[in-house]
Amino acid sequence: MAKKRRKLNKEFEKKIYSSKKNVELVLAKIYDINDEDIQKEYMSAFNKVVYLYDDLKQDYENLGFNDNSEDFLQNYNKAFNNFKSEFEI
């Protein structure tokens, strides 16, 4: 049986790419923190954002653009904005 093709969406791919860059930038800033306790605190708080980004990316890679795609992106954006509002980075 033939495998169903993923539905692609260029605009959504741009949002995923932008999200990836945001995650990489924040991780780089966290790794630059000299105080190990503060770095662990930031990393612990940011892990949820990384997890949601991974879910977003994995869903798109496996299924393509689907009914849940915008929900994954919205959950990631909400977590990222919450992190930015709670932690000064």
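Leaving aside its neighbours within four places in sequence, which residues is Tyr76 in contact with? Taking contact as heavy atoms within 4.5 Å, Tyr76 meets Ser19, Asn22, Val23, Val49, Leu52 and Tyr53. The model examined here is predicted, with local features needing pLDDT of at least 70 and side-chain atom pairs counted only at pLDDT 80 or more, while totals for chains, interfaces and linings use all residues. Residues are numbered from 1 along each chain as its sequence is written, and side-chain values use heavy atoms, with hydrogens and water left out.

Helices are DSSP runs (H or I, at least four residues), numbered from the N terminus. Helix H1 covers residues 10–31 and helix H2 residues 36–63; the two pack at an angle of about 160°, with their axes 10 Å apart. Here the axes are lines fitted to C-alpha atoms over the stretch in contact, and angles run from 0 to 180 degrees between N-to-C directions. H1 and H2 are therefore roughly antiparallel, a label given to angles over 145 degrees. Their crossing is left-handed, in the sense that the near helix is turned anticlockwise from the far one by less than a right angle. Among the residues making this contact are Phe12, Val23 and Ile30 of H1 and Phe46, Tyr53 and Tyr60 of H2. By class, the H1 contact with H2 comprises 14 nonpolar, two polar and two charged residues.

Turning to the other partner of H1, helix H3 (residues 69–86) packs against H1 at an angle of about 25°, the axes being 12 Å apart. H1 and H3 are therefore roughly parallel, the term for angles under 35 degrees. This crossing, too, is left-handed. Phe12, Lys15, Ser19, Asn22, Val23, Val26 and Ile30 in H1 meet Ser69, Glu70, Leu73, Tyr76, Phe80 and Phe83 in H3. The contact of H1 with H3 divides into eight nonpolar, three polar and two charged residues.

Note on methods: Angles under 35 degrees count as roughly parallel, over 145 as roughly antiparallel, 65 to 115 as roughly perpendicular and the rest as oblique. Ala, Val, Leu, Ile, Met, Phe, Trp, Tyr, Cys and Pro count as nonpolar, Asp, Glu, Lys and Arg as charged, and the others, Gly among them, as polar.
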